[in-house]
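Welcome, and please open the model in your viewer. We will go from stop to stop, with something to select at each one.

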Amino acid sequence: MSDTEMKKIILPSNISVRALAEKIEASPIEVIKVLMANGVMASINQNIDFDTAAVVASELGFEPELEKRLEEEPEEKGEIPFWRRVIARENEKDLVARPPVVTILGHVDHGKTTLLDAIRQTNVAAGEKGGITQHIGAYQIEHKGKKITFMDTPGHAAFTSMRARGAQGADIVILVVAADDGVMPQTREAANHAKAARVPIVVALNKMDLATANPELVKRQLAEIDLVPDEWDGDTMIVPVSAIKKQGLDDLLEAILLTADQIDIRANPKGEVLGTVVEGELDRFRGVLATLLLQNGTVKMGDTVLAGKAYGKIKAMFDYRGNRISKAGPSTPIVIMGLNEVPNAGDLFRVVASEKDARSIVAEIESGERTFTRPTKVTLEDLFEKMQAGETQELRLIIKADVQGSLEPITSSLHELGDQHPEVSIVILHQEIGNISESDVMLATASDAIVIGFAVEADNAAERLAEKEGVSIRLYTVIYHLLEDVEKAIKGMLKPEMVERVIGKANVLATFSVSRFKVAAGCRVISGEIRRNGHMRVIRDGKVIFDGEIASLKREKDDVREVREGFECGVALKNFHAFEVGDLLECYIFEKDAA
Ligand code: GDP
């Protein structure tokens, strides 16, 4: 078969012979024959790894490609929530419009819950309430024939990270501001979260029924935080409402639909199944109930769901009204029964092939070999590297200072610095006077920002959270030092002195092809160790003929993180396949200079 006829096929990192046969529309016997011809004895139910499956697939006329797994691309790139990037990968022609997902944020007591309930009561048609009757954290309404999904993010008094994640899961944020109280700290935080997640904001100016309401003052306050009312030629819609009197709700829904029209809200109902956990609970009668918001693909009864580290086959599925359903598409909130433990709100969920797959992924997450949600946050030291790798063009900062008099020169000098360096845009997400608090770190976590403190310190709680989330906090007392560090970071000069250290050597004993174009080397480690995350040089006749990254490291058929002296292993490199028997491999890492 010629190359032009080769069909692309996506294969997981592990697949049974039977499943592979189905995928490539061959009989299992054919597959087993090809495996045998390649020296692999496998039974029909046995799992084979991607490399092996790829050999079979390419021999049978397919061009195999390794399935991208969620956790290979965690939310670490900041800006765009992961699920939106998945949708961006879908084929344009498969995308269809889906209802916008809206979440309500705002300062405590400004009326979030009341507003959410008011919209629910006036717009949700009472359902039959079949299997389940409970208030769930998400619902869908219809306004002028168009659906809107509302998502509640639990957590009442404090601004929790769940609300931060809520902004990440939504297409539009309604920012509730009480007209008698105005812009308050959590209003600012909520606005920052929405901006960080690049989610448009519609302001609901609530409590307009009160005599003390002062909408003009509140609009001025909103303009100060960059939410300039459209009536003042800004681009923020500000809708006066009274949640308690149920007034202005239609205007609010109208504003949401208008905003939705301006952004691309689509998904692929046939694509990768992916979504967010809205809430989870343990019900005395029904076991674990999880409310999920589906962002892409279609979930069906009997699918195996992996949500964070909880997994299980869907035993029953309900819509937000409690009606039993058998499948659900994008932007639909659902409640499922069948997970083995309660998932965390904000976790991603997806559908996997089997419970066995789910278990092995969970085991890898637990052993630390695979990261599911663990973020690797940006630091000033690695900014340049991330810029070079195309992962970021933004340096996002949260700045806390002792007095206004120091805040202003800091931000204006940073803006100047940004103007001098067009390769990166310096974005100041939030600036305020006062110590670094937990909520600053929370914002940094959600938006992949660095927290800078000038002549202030970090609260204990802030420090603990920063440590847990890997957020970088930098404290300064001299403005010049701060600017100098940022400038060095942009130029890639702020690296801690990194030195290269050779950690192991191996001899190439054999070469074998792992797919049509890829060749791996069978080696023996002759000194030290070879590490999966190290770099590798290929040395032939005393000359370095390649220097680059390791693509895979295996012992027998298993992927491993390191192989020590005396052991044999299989090594594949990125962009190098010309191994020859007798080549010397030298593995090295970079580490901080001890001196
Ligand atoms: P949340 O903390 O933002 O969820 O706020 P709640 O929805 O719990 O509301 C806080 C308080 O404000 C409650 O006592 C509500 O009854 C009251 N409230 C909410 N909306 C309105 C409104 O439109 N007008 C008036 N007068 N009170 C309201």
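A salt bridge here is a side-chain nitrogen of Lys or Arg within 4 Å of a carboxyl oxygen of Asp or Glu. This is a predicted model, in which local features need pLDDT of at least 70 and side-chain atom pairs count only at pLDDT 80 or more, while totals for chains, interfaces and linings use all residues. Residues are numbered from 1 along each chain as its sequence is written, and side-chain values use heavy atoms, with hydrogens and water left out.

Select Asp283 and Arg286, whose salt bridge has its closest N and O atoms 3.2 Å apart. For burial, under 20% relative accessible area counts as buried, over 50% as exposed, and in between as partly exposed (1.4 Å probe, protein chains only). Asp283 is buried at 13%, whereas Arg286 is partly exposed at 27%.

Now select the 7 strands that form an open sheet, in the order 17-16-21-13-14-20-18, with antiparallel pairing. Strand 17 (310-313) and strand 18 (316-318) are at the edges with a single partner strand each, so one side of each has no neighbour in the sheet. On average, neighbouring strands here are turned by 30 degrees against each other, direction ignored.

Strands (E, at least two residues) and helices (H or I, at least four) are DSSP runs, numbered from the N terminus; two strands pair if DSSP finds at least two bridges between them. Axes are lines fitted to C-alpha atoms, for helices over the stretch in contact, and angles run from 0 to 180 degrees between N-to-C directions.

Zoom in on strand 14 (residues 287-296) and strand 20 (residues 333-337), which run antiparallel and are joined by 5 bridges. Which residue of strand 20 is the bridge partner of Leu289? Select Met337 to see that partner.

The structure holds 23 salt bridges. Among them is the one between Asp49 and Lys554, with closest N and O atoms 3.2 Å apart. This pair links strand 3 (residues 47-49) with strand 29 (residues 543-555), 505 residues apart. Are its two residues buried or exposed? Asp49 is buried at 10%, and Lys554 is buried at 13%.

Finish with Arg540 and Glu580, whose side chains meet in a salt bridge (3.4 Å, N to O). Shared partners also join Asp49, Asp51, Lys554 and Asp559 into one salt-bridge network.
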